[in-house]
Amino acid sequence: MAARALGWLAVLALIAGLGAAFGYAPREAVQGNVQRIMYLHVPAVLTAYLAFALVFVGSVGYLLTRRAGWDRLALAAAEPGVLFTGITIASGSIWGKPTWGTWWTWDARLTSTAVLFLVYVGYLLLRGMVDDPDRRARAAAVVGILGAANMPIVHFSVKWWRALHQPSTILGPEPSPIAAPIAATLLINWIAFTLLFAYLLAERMEIARLEDTHAG
Amino acid sequence: MSAYVRRAWMVVWKDILTERRSKESLNALVFFSLLLLFVFQFALGPERARVEAALPGLLWLGFILSGLLAFGRTFLIERENDCWEGLVLTPGDKSAIYLGKLAGNVLVMIVVEVVLLALFAVFFAIDFTPFLPGLAAVLALGTLGFAAVGTLFGAVTAQMRARELLFPVLLLPAVVPVLLSSVSATQTVLAGEPLAEAAAWLKLLAAADLVYLVVGVLTFEFVLEG
């Protein structure tokens, strides 16, 4: 089973990532150990972006071909996407409390991530409301396409909205000031999360396929 | 092309006729706007400075709430007497139906917006006349984007159970950019600054309108299948 191999690979990578985050990566000078949340926070959000990009691909693919496989891809990507966005927001909140002194602030990144979360929670709600597979797939695809097309606009609008308050740091125009061990740890964790996502995606698609064949 | 425009116009005309005969939506919407004014007054209290500071947000809050009610009903009249099948069986490009419904929704929103502005002017003693040209530009762009998504999602949810719940839950996060830039641009206009000061927001609004319209036109055919 390819999916099972992928699962074990993800487990190994996650253990390696955890080891690197606590053993290899240095203690951050200003924030201390709290900063290690970053190794969960950043890979989670990158994986969520990947997931929602796949929802878009699956949605367009379904409308063009009407093959159920594309719809299963969109569904199987959306669920972990919402999960990883949730992890991003929760871990960011836990990180924000000791460093910024607040659980939540209406900063651009936070707001756009929250909107992202709401759009795809709505997407999943919609999927739960329709029983006919083709109708469900078509309705979901339209919402999935509009949601994805909306994302760059959301990103820039909230960026401008709070531009004076919270300048972008990591993805800013200057070269990244991150030390090599930190960058390496981030990379390991990012790979681990991507593997985990790929495993969840493969298994979810398989479950959806079985559901389809037994329902039909 | 002219056949396409004609098809869209037929949809608008049909909806205007239905509305003129039933007078269902507009009466209720105008009354609803009046009620909103009371809610705003209760929330903010009599202090004039607070009303003025909150005015751009309040205006858009009023438009959004009225829009949620109006757009959610767009395709409900098509569910009766097999009208939906009539739409599906219409020959030619189905996106004309979308644009027709969109135009109808924009019309309804313009009426609601004019009424709400008049009510604000009277009850909160605000003189909008010096801001009208700028306000009209912002309202036009904002309403178009809001209605473009509202019309599409109204069609998506029309045939679903729990659509009254699902419709706003889908629509509100999707139109965050429109709301954000409309409120900001309205703020600039009501502060008496030239429209050029809000150029960044207006560009964003125009870009959002374009994206929503393109997605709506391209995907509507799949929604209409029902």
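Predicted model: local features only at pLDDT ≥ 70, side-chain atom pairs only at ≥ 80, totals over all residues.
Colleague: Which residue follows α2(B), and what is its phi?
Modeller: Gly45(B) comes after α2(B), with a positive phi near 80°. Residues are numbered from 1 along each chain as written, chains are lettered from A and ligands numbered from 1 in written order, and side-chain values use heavy atoms, without hydrogens or water.

Colleague: How do you know that the span of helix α2 of chain B agrees with its 20 residues?
Modeller: At 1.5 Å times one less than the number of residues, residues 25-44 should span 28 Å, and the end C-alpha atoms are 28 Å apart, so the two agree.

Colleague: Which residues of α2(B) are called buried?
Modeller: Leu29(B), Ser33(B), Leu36(B), Leu37(B), Phe40(B) and Leu44(B); buried means under 20% relative accessible area, exposed over 50% (1.4 Å probe, protein chains only). Seen down the axis, they fall within an arc of 105°, so they line one face of α2(B). The face turned away carries the exposed Asn27(B) and Phe42(B).

Colleague: What do the buried residues of α2(B) pack against?
Modeller: Against α3 (48-72) and α5 (95-123) of chain B.

Colleague: What makes Arg138(A) and Glu225(B) a salt bridge?
Modeller: Their closest N and O atoms are 3.5 Å apart. The definition asks for a side-chain nitrogen of Lys or Arg within 4 Å of a carboxyl oxygen of Asp or Glu, so the pair qualifies. Chain B and chain A have a count of three salt bridges.

Terms used. Helix = DSSP H or I, 4+ residues; strand = E, 2+ residues; numbered from the N terminus. Arc of directions from axis to C-beta. Contact = heavy atoms within 4.5 Å.
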